[in-house]
Amino acid sequence: MRTNSLVALWIVTGLAAGLAAAPAVEEAGAFSPAFIASQQKAIAPVICLLNFTAEVESQRTGETQKRSTRALGLIVSPDGLVMTHGHMQSDKSDPSNIRVVVGEGEDEKEYDGVFLKKPDDINVCFVRIQGEPGERFPCVTFASDGHLGLGEHILMFGIMGETLDFARGALTRAISAVIEKPRTTYCIDDAIPFGYVGAPVIDSRGRIVGVVGYDLAPAEGGELYVRSGHPLVYQAPLFAKYIQNPPTEDTLEADQPIAWIGVFSQPLTDDLAEYWGLPKKGGVVISTVVEGSPAEAAGIQRGDVITSFDGTPMRAKKNSEIVGFTKLVRETGVGREIPVKLLRNGQAMDITIVLTERPVSAKDAEEFVEDTFGLTVRALTTDVRILLNLPDETQGVIVRRVKSGSWAHLAGMRPGVIILRFGEYPVTTIAEFEAAVNKVKEARPAEVPVFCRAGARTGFFRLQPRWE
Amino acid sequence: MRASMKWLAPLALAAAGCATMGGPGEHAVIRAKNKVIPSLVHIRPVKESFASGQKQEYVVEGSGFIISPDGYVVTNEHVAGDSTQVRCVLYNRDEIDAEVVGTDRYTDIAVLKLKVDETQLPAAELGHSAHIEPGQTVLALGSPHGLSRSISKGIVSVTDRYLGEEGPRPAPYNTWIQTDAAINPGNSGGPLVNLKGEVIGINTRKLSGADNVGFAIPVNAAREVIGAIIEHGHVPRSWIGVRMQEMTSKTDDPSQRGVVVADVDPLGPAAAAGFAPGDVIIAVNGEPVHARFEEDLPVVLKRVADLPIGSPATFTVRRGEETQDIAVVTMEESDYKGEEVEFAEWGFTAADLTPAIVQAARLPSSRGLVIAGVEVGTVAAASGLRQGDIVLSVDGQEIANLAEFQERYDAINAAANRLVLLDVKRGALTRFELLKLEPGAENGDEAAGEVILDEEDSEEPNGEQPDEDE
């Protein structure tokens, strides 16, 4: 279905909506009205509107409220796979009541949608249209090479707001920066309205090269999805695999587990190499070794410089180049003996390390919803321990949500507080918390002191249940 | 106490009613004002700030009042503390410089001495804050927004508001007089007076975003602090490293007496003596202590602070069903803000560690110093050093405190070293920060520009996660 022709055949229609050759693009790289009109006519059938219910979290209590919202969707396969921006899913809550509106005016048709699992390396989501058996949909085909040049003009098609009846609109922008490392990232030169987030991006040659995105993915330097604060183009090769093989529980879980070494690192800059009297060849300087990690077990020490990992030379001299090490570690198998070359006090050393599976992160941590007192708690995960700089002896569960008007709310408890003891019962795990709550519920005391850590300090909250 | 308040409250209300109708109330206000206002002082200190990474001076305006004919003046620590010079304008418009005799951050009190030989200055009369009642008419005198010689009128709203020891300005040792007399920036340090013209409080804080919710330090709490400052230059207090909570944080049972141990500083004497969170202290040196509500806490906290420094004290503690005596040797309480120094050649300011910082940063000892600020465009900024970083060693050598760091700094600068390595703790992480000094050169644009770019590369977009954790 793909073509390398300049006249991109980017709309396929199962319904045979043919596409005439696009008119020539103006020399300057901007788009002529005739070009824009023809592109819009061609692309309109693949743009859809997603109406859904999202859960919005209160910063204060961590409680969620449901909200009706919408997003721009792009049909990416004839069997009704829709791609949209990653904000459709926040934290653990999947969107619900998804309705997909395809077509406009008299051609408008509405379907149920099913949310698929969100990939973790690019901030997009996928929804499957629940069409009739065998029903085919018009869909977009992306250029396999998504290269864009600095200053190149791009064209996007999106949807206007509700007051404008979700009319389709077009927008032109230019590429304001091309960032080469750790992977090519294109920045758009000006703000993008909400209805264009996830919109198809067409280059000056008329090819659909990607979609509008907002957040950097881990491969771009962030562990979590981090708002870049700048509109970007997610070029097609980043998500092509998910169109080929849509992300479901099965496909994603079949992936290799993410490996973990348990260090924080910084690059061996030339200055640092000079200071330590090491060759100015770059490397990975271990700045922190996480307690209980594979790195600690292998004897890696703070100040060691890794020069080779599993046979791959490590030559990081800049912070951005550390990402290469990060990526390599993630993709290295779990349980295998990995040869590591390092420098310790200037002396070359060879060690072997066995990586473990990355510890569960807060996002995926076990959660327990307790209705009596109004507390939702999560297990304390390694990432939270590091983020909050928790002492090792701090064992407990962290409050994720406090139900408005609940006994916990009345006692002043709030998200982020770590419960160490509930009543007279020490709490170190979710199971212990659940057991403690159950014992307190049986005993029905008039007051329940809860010993907690909040920030650097500990103290008590007093719950005053009204059992009747 | 509470019963007597019920009796007196209607009287106070009646007095307030008279005041609003004019007549005798108005005369009383004017009489009180006339009595105290000659002692009123408009204060303009030049203060030092280190937050931007360099020592910077700025001028603030506040209020104060003369308490002795030879020229002692009381104001707030947040007005006159950390100042290099203090200019005062008396009520008769005389402009006189003053020296800072001493300050106490925990009660926010400073004592100044006017640089005059005169011994007949008009001193305000200090009253007794234990005798005040909610509803009683009070006057606030001072320089709101710099407008000197201003007076506003209101009533005492609450006599014993507890503002706690949390936040950037902990106030563990006193409750506060809450008043609806208008208090604005510039009123700080001015007197709150009763209709007898006696000072009953020092106007210090207001609740921002609220209407006429101001707070004054009760004069009874201030009197002792002022005396200690005049005698010692500061207020010596004992410290055992325990944070306390009121009894109602655990139980509303009024028969349960004492004060709850909420937190124990792992490096403090109480931890060494075996205190644990959840313990209930019921007596100190055999004398019972009790804080049922949070506003009862300052009395207990002060009891501990008033213990002889460096001497053993016996705490009777209830743990579960058992009662035991625990002996603790007290230490002197340190300031909650360490001394700050500018290291101009390297482009940052730093402060000594305090127990609170040591505990929050989970340091194994109180050795090190904390970066107070990093100046933009300097080698420190270029290295990636940040405000709040804790420096543990320089060129591999541990440093104990600011003074030791100063020695290392001077020696390195004298030796004209090109590179200096700092071992830094930032949250749970440690980092190596290499300062690239250019001996003989100013902190030039070239060097800074080059490395700042590098730093921007390194930043996570949200600036929170400095490294990759894998």
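Throughout these legends, helices (H or I, at least four residues) and strands (E, at least two) are DSSP runs, numbered from the N terminus. Please keep in mind that every view shows a predicted model.

View 1. R444(A) sits in the loop that runs between α9 (430-443) and β28 (448-454) of chain A. Its phi is near 50 degrees, a positive value in a residue other than glycine. Most residues other than glycine have a negative phi. With a relative accessible area of 43%, R444(A) is partly exposed.

View 2. Although A416(B) is not a glycine, its phi is positive, at about 55 degrees. A416(B) counts as partly exposed, its relative accessibility being 42%.

**View 3. The buried side of helix α6 in chain B.** Which residues of α6 (residues 297-305) of chain B are buried? They are L297(B), P298(B), V300(B), L301(B), V304(B) and A305(B). Because these residues cover an arc of only 165 degrees around the axis, they lie on the same side of α6(B).

View 4. In soluble globular proteins, nonpolar side chains tend to be buried together. The largest nonpolar core in this model has 51 residues, and F126(A), F142(A), M156(A) and F239(A) are those with the most contacts inside it. A second, separate core has 28 residues, among them V36(B), V74(B), I229(B) and V235(B). Zoom in on M156(A) and, leaving aside residues up to four places away in sequence, you will find that it touches residues including L171(A), I188(A), I192(A), Y196(A), V201(A) and V212(A).

**View 5. Where chain A meets chain B.** On one side of this interface are 52 residues of chain A, in contact with 47 residues of chain B. The size of an interface is often given as the accessible area lost when the parts come together. For this pair of chains the buried area is about 4200 Å², and carbon and sulfur atoms give 49% of that. Four salt bridges are found across the interface, and 21 residue pairs are in polar contact between chain A and chain B. One salt bridge to look for joins D271(A) and K436(B), with 3.2 Å between the closest N and O atoms. Several elements each supply at least two residues of the side of chain A that touches chain B, including β14 (226-235), α4 (270-276) and α6 (322-331) of chain A. Which element gives the most to that side? β29(A) does, with six residues.

View 6. Chain A has nine helices and 29 strands, and 51% of its 468 residues are buried. W260(A), in strand β15 of chain A, is buried at 6% relative accessibility. The C-alpha atoms of W260(A) and L355(A) are separated by 5.7 Å, although the two residues are 95 residues apart along the chain. R344(A) belongs to strand β20 (residues 337-344) of chain A. Buried or exposed, where does R344(A) fall? Its relative accessible area is 17%, so R344(A) is buried, given that buried means under 20%. The side chains of R344(A) and D304(A) are joined by a polar contact of 2.7 Å. Not counting residues up to four places away in sequence, R344(A) also touches G299(A), I300(A), Q301(A) and M349(A).

View 7. The side chains of R99(A) and E110(A) meet in a salt bridge of 2.9 Å, N to O. This pair links strand β5 (residues 96-102) with strand β6 (residues 109-115) of chain A, its members being 11 residues apart. R99(A) also forms a salt bridge with D112(A), the closest N and O atoms being 2.4 Å apart. D112(A) is likewise in strand β6 of chain A, 13 residues from R99(A). R99(A) is partly exposed at 30% relative accessibility, as is E110(A) at 41% and D112(A) at 41%.

**View 8. Salt bridges in chain B.** The count over all chains comes to 41 salt bridges. One of them joins D252(B) and R292(B), with the closest N and O atoms 3.2 Å apart. D252(B) lies in the loop between β16 and β17 of chain B, and R292(B) in the loop between β19 (287-288) and α6 of chain B, so the pair ties together parts that are 40 residues apart in sequence. D252(B) is partly exposed at 33%, and R292(B) is partly exposed at 22%. Elsewhere, a network of salt bridges links E77(B), D82(B), R105(B), D108(B), R169(B), D335(B), K337(B) and E340(B).

Methods
Residues numbered from 1 in each chain as written. Chains lettered and ligands numbered in written order. Predicted model: local features only at pLDDT ≥ 70, side-chain atom pairs only at ≥ 80, totals over all residues. Heavy atoms only, no water. Buried < 20%, exposed > 50% of the residue type's maximum accessible area, 1.4 Å probe, protein only. Arc of directions from axis to C-beta. Core = buried A, V, L, I, M, F, W, Y, C linked by side-chain atoms within 4.5 Å. Contact = heavy atoms within 4.5 Å. Buried area = accessible area lost by both parts, 1.4 Å probe. Polar contact = N/O pair within 3.5 Å; in protein donor to acceptor, adjacent residues only side chain to side chain.
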